[in-house]
Structures are given as C-alpha cells and as structure tokens.
Amino acid sequence: MVLTVLPLEIQPSTSAVTVAAKQGENRVALKGISWLSYQQILKALPDSRAARLTYDRGILEITMPLETHEYSRELIGLFIRILVLEMGLKLKTMGSTTMDYPDLERGAEPDCAYYIQNQPKVAGKTVDFSQDPPPDLVVEVDITHTDIDKNRLYASMGVPEFWRYNGQELKIYTLQEAQYVECDRSPTFPWMQKEYL
C-alpha cells in the first residue's frame with residue numbers, strides 16, 4: 001500500500017521513528033507530530049483499514065495488528081458480549097472508533113470500546129466525544145512494546161474501566177481520582193474474578 005499525504009506540517013525530531021515488530025502487532029511511532037498533522041493523516045486514510053492510530057501529545061503510533069493480536073481481541077470481545085447478555089444488560093459496541101479529544105491533544109482507536117452503563121445515553125445516535133461520556137470499558141491488546149502510556153492516555157479521557165492484555169496476562173484497571181488502579185475483578189462484572197477471564 002502506498003500512502004501519499006500532502007501537504008503535511010510534520011517536523012519530526014532527529015530520533016523521530018521507533019519501530020517494533022513481533023508476532024502480536026507491527027508498530028511505528030512518529031515523534032514531533034502536531035495535532036493538526038495527526039488530523040490530516042486521519043482524514044487521508046480510508047475509514048475501513050486495519051491500521052490503528054493512537055496520538056498522545058506529539059507522538060503518533062500506528063499499529064498494524066497481526067493474527068495473535070486479532071485472535072485475542074476477538075476472544076475478549078466475545079467474552080464481554082456474553083457477560084453483557086448473561087446479565088441482561090444492553091450494549092453499544094464502538095469497535096475501534098476514533099476517540100479524539102482535541103483539548104487534551106490525545107486520540108485513540110482502541111481495540112474494543114463499549115458503552116454498558118451509559119448505553120442509554122448514546123443508543124441510536126452517533127457518539128460525539130465532545131459532548132457524550134467516554135465508553136464505559138475500553139480494551140487494548142498490546143503484545144509488543146508501545147511508546148504511548150495507554151493507562152495515562154485513557155485515564156485522561158475519563159474512561160472508567162480499562163482492560164489491557166499483553167499476550168499472557170489480562171489486567172483490569174478502574175479509574176480512581178484521575179488515574180487507574182489495578183483490581184482483581186471488573187467493576188462492570190463484579191461477580192467474575194480476573195483469574196476466570
């Protein structure tokens with residue numbers, strides 16, 4: 001795939017590019033990218049694409065999920081949908097919808113994002129992150145190293161619950177006083193202990 005984006009105002013630093021490639025995902029991190037340039041790149045890319053973008057105050061990370069990553073993401077997503085169904089709750093799944101917060105200069109396309117408790121507030125409408133609450137639960141599969149502190153990123157967006165899977169262990173975090181605290185069970189599914197996930 002060849003991508004040409006012009007004009008961009010990208011002024012990367014001398015060590016602007018970090019690349020990580022393993023079995024979970026391929027990543028490239030670009031440093032020194034302005035919010036405007038990130039927005040231009042987003043608009044230039046097709047809506048249906050495999051690559052996911054994460055932007056955190058000057059760092060743009062582009063992730064290309066590989067088979068292990070996608071298998072894990074699908075399995076976790078299926079498990080969440082089964083739990084929601086078993087509890088008789090309603091769900092709005094956002095998939096990897098772009099969550100942009102211009103005032104924070106942060107944006108993300110998580111592996112999975114769900115409205116569960118706040119589902120009635122966003123049901124039947126297109127979510128506007130400048131007015132609507134963030135998703136109740138965000139899931140990220142990060143098997144390879146990431147240059148972006150995802151815990152700090154999603155905490156700044158106000159996501160109440162964050163699940164993170166590194167290929168071996170699932171960690172569950174809940175937002176307390178603007179930062180995540182690891183817990184042994186999901187606040188959304190409190191009867192289900194982490195070791196059974």
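The accessible surface of the chain comes to about 10500 Å², and 53% of this belongs to carbon and sulfur atoms; accessible areas come from the Shrake-Rupley method with a 1.4 Å probe, and for residues only the protein chains shown count as cover. The model is a predicted one, in which local features need pLDDT of at least 70, side-chain atom pairs count only at pLDDT 80 or more, and totals for chains, interfaces and linings use all residues. Residues are numbered from 1 along each chain as its sequence is written, and side-chain values use heavy atoms, with hydrogens and water left out.

Of the 197 residues of the chain, 46% count as buried (under 20% relative accessible area, whereas exposed means over 50% and partly exposed lies in between, with a 1.4 Å probe and protein chains only). The chain has four helices and 12 strands; these are DSSP runs numbered from the N terminus, with helices being H or I of at least four residues and strands E of at least two.

Six of the strands form an open sheet with mixed pairing, in the order β5-β8-β9-β10-β11-β12. Its edge strands, β5 (92-93) and β12, each pair on one side only; two strands pair if DSSP finds at least two bridges between them. Within the sheet, β10 (residues 161-165) and β11 pair in the antiparallel sense over five bridges. Arg164 has Lys171 in β11 as its bridge partner.

Two helices may be considered together with this sheet. Helix α4 (residues 150-157) packs on the sheet and touches β9, β10, β11 and β12, contact meaning heavy atoms within 4.5 Å. The direction of α4 makes about 160 degrees with that of β10. Helix α2 (residues 67-86) lies across β8 (112-115), β9 (137-141), β10 and β11, and runs at about 155 degrees to β9. Axes are lines fitted to C-alpha atoms, for helices over the stretch in contact, and angles run from 0 to 180 degrees between N-to-C directions.

Gln39 is in helix α1 (residues 35-44) and counts as buried because its relative accessibility is 17%. The side chain of Gln39 makes a polar contact with the side chain of Asp100 at 3.1 Å (a pair of N or O atoms within 3.5 Å; within protein, one must be able to donate a hydrogen and the other to accept it, and residues adjacent in sequence count only if both atoms are side-chain atoms).

Most residues other than glycine have a negative phi. Ala178, which is not a glycine, has a positive phi of about 70 degrees. Ala178 lies in the loop between β11 (170-176) and β12 (179-183), and is exposed because its relative accessible area is 63%.
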